[in-house]
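Q: Could you walk me through how to read this structure? I would like to start with packed helices.

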Amino acid sequence: MIGLLAGCVAIALAVLLELVWPGQPIYQYGWYNALLATAFVVCAIRARALAREGAAPALALLTLVAGTAALTIAGVANGLFAPDPQVVIGSPGASVRVDDLRGSLTFPLASADPVVRLDRNGSPTEIGASGFRIAAAFALSQVRRQVLAVDVTDARGAHLTVTQPNGSAFLSPVLTMPTEQNIAGMMLPFDTFAVPAAHRVVKVVLFDRRHAAMLKTLPPDGAGGAVLFSVADEDDRAVAHGIGLVPDGATVALGGLRLKGLAISYPAVRIAAVPVPLVLALGVLLLLGGGIWCKLRKS
Amino acid sequence: MNRHWIWLAVLFAAALVAVVVIAYLPSGSSANGPAALIGQTAPSFPVVDLAGKPGALADYRGRIVVLNLWASWCPPCRAEMPDLERLSRAYLKRGVVVLGIDQGEAGARAGDFATSLGITYPVLVDDAQQYGRVYAALGLPTTVVIDASGVVRAGFDGALTYAQMSAAVEPLVAKS
């Protein structure tokens with residue numbers, strides 16, 4: 001009996017860990033899920049034997065096994081059917097629809113605001129800077145990443161519209177830097193934006209402080225990060241004097257534009273699947289009930 | 001008896017599997033762009049008008065607002081603005097205000113452009129493009145219809161005809 005209880009509790013703990021540390025790659029490994037399923041089968045066989053021996057009431061053992069089955073199914077389904085963890089990146093003030101959550105995430109307007117809001121079924125959930133929140137079968141937590149706020153004016157200093165035809169928000173002057181570019185062996189955040197009024201497309205590469213320190217071409221006042229701008233026309237043809245590397249926050253005149261990029265730390269949301277909480281709760285209740293029942297009747 | 005328990009166990013397991021699989025299924029297609037804001041309170045940000053004085057969408061609370069995001073470099077915006085002017089004149093006395101919000105440009109440029117088209121409805125200048133990103137613009141122009149209580153009732157991506165604009169505001173005018 002002790003062996004059976006220990007086995008059931010071990011399965012429960014393994015599955016509950018998926019709720020405490022969500023999104024670990026091991027949960028999707030085939031051998032891990034096979035191990036969980038095998039452990040359950042062994043427990044079920046052992047429970048059947050104990051029931052035949054009369055070591056505990058059959059219904060109590062059945063309850064115990066049912067709870068363990070619920071936990072095993074929740075754990076294995078999380079490993080086999082749940083989507084991979086993803087990081088949802090949003091522009092300040094933008095609302096991003098997330099189909100897995102059947103809701104949308106609204107990102108704060110200012111980088112200093114640490115709260116991202118999830119709207120789901122009409123009820124808002126706030127995702128703070130620390131810890132994680134559970135919504136449906138997903139754990140949501142914040143990750144901080146570097147984004148770049150750009151400011152573009154013409155040669156006379158008149159403001160120009162920035163658009164991101166391929167970005168998460170078309171009319172946002174904040175580049176979320178969703179992809180990476182390999183430059184001299186360094187993987188660096190990369191993004192593009194357009195300046196339709198000037199018929200220009202600008203590619204941007206962001207160097208953090210560590211990578212910027214490796215650059216020999218950066219002016220000596222660059223104590224922080226650096227930004228590489230590459231200005232082209234709307235047909236992606238390079239324009240004269242269109243490439244420049246400047247310290248983060250500095251203004252530079254390139255390709256008929258005056259460009260300024262300021263790197264800021266801004267929240268994104270990591271979404272990782274967890275075992276379905278409702279099934280977990282049912283499994284734990286049945287397991288505890290069945291376990292206590294077995295022990296009481298035995299004593 | 002034994003058979004009943006086996007069937008019960010199979011049903012229990014099947015129900016659990018169904019619950020967990022459904023929990024991970026993504027939802028179907030959903031509204032994108034400005035239409036995704038329908039039913040939500042329309043966000044407002046302090047910006048400036050063409051004279052440089054403070055202004056915001058919130059200043060027009062209590063009236064039906066046709067919020068139009070535009071920029072001077074955008075040809076469809078230019079094509080649409082005479083119809084917006086016509087709408088403004090036709091519905092002004094019926095509690096509808098057309099509000100143009102220039103996206104990302106200098107006030108002088110926006111003002112010159114509006115004057116050249118004979119625009120008389122209020123125009124605000126949002127050089128930080130706050131309205132554009134929050135109203136989920138997929139392009140320009142973007143038009144959002146907001147009722148008198150400040151709730152988004154319709155959202156459109158791209159240029160509208162006068163008939164489309166009129167059809168969008170008429171039900172709200174009839175209600176008010």
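Q: Which residues of H2(A) and H3(A) meet?
A: Two residues are in contact if their C-beta atoms, placed from the backbone, lie within 7 Å. On the H2(A) side these include Tyr32(A), Leu36(A), Phe40(A) and Ala47(A), and on the H3(A) side they include Leu61(A), Val65(A), Thr72(A) and Val76(A). Helices here are DSSP runs (H or I, at least four residues), numbered from the N terminus. This is a predicted model, where local features need pLDDT of at least 70, side-chain atom pairs count only at pLDDT 80 or more, and totals for chains, interfaces and linings use all residues. Residues are numbered from 1 along each chain as its sequence is written, while chains are lettered from A and ligands numbered from 1 in the order in which they are written.

Q: At what angle do the axes of H2(A) and H3(A) cross?
A: Two packed helices are described by the angle between their axes and the distance between the axes. The axes are lines fitted to C-alpha atoms over the stretch in contact, and angles run from 0 to 180 degrees between N-to-C directions. Helix H2 (residues 30-53) and helix H3 (residues 58-80) of chain A cross at roughly 170°, and their axes come within 10 Å. H2(A) and H3(A) are therefore roughly antiparallel (over 145 degrees; under 35 counts as roughly parallel).

Q: How do H2 and H5 of chain B pack?
A: Helix H2 (residues 75-91) and helix H5 (residues 162-175) of chain B have axes 10 Å apart, at an angle of about 30°. That makes H2(B) roughly parallel to H5(B). Among the residues making the contact are Leu84(B) and Leu87(B) of H2(B), with Met165(B) and Val169(B) of H5(B). By class, this contact divides into seven nonpolar, one polar and two charged residues.

Q: How many residues does each chain give to the contact between chain B and chain A?
A: Chain B gives 33 residues and chain A gives 35. Helices H1 (2-24), H3 (107-116) and H4 (130-134) of chain B each give two or more residues to its side. H1(B) gives the most, with nine residues.

Q: What ipTM and pTM does the predictor give the complex?
A: The ipTM is 0.83 and the pTM is 0.82.

Definitions and conventions
Parallel < 35°, antiparallel > 145°, perpendicular 65-115°, else oblique. Nonpolar A, V, L, I, M, F, W, Y, C, P; charged D, E, K, R; others polar.
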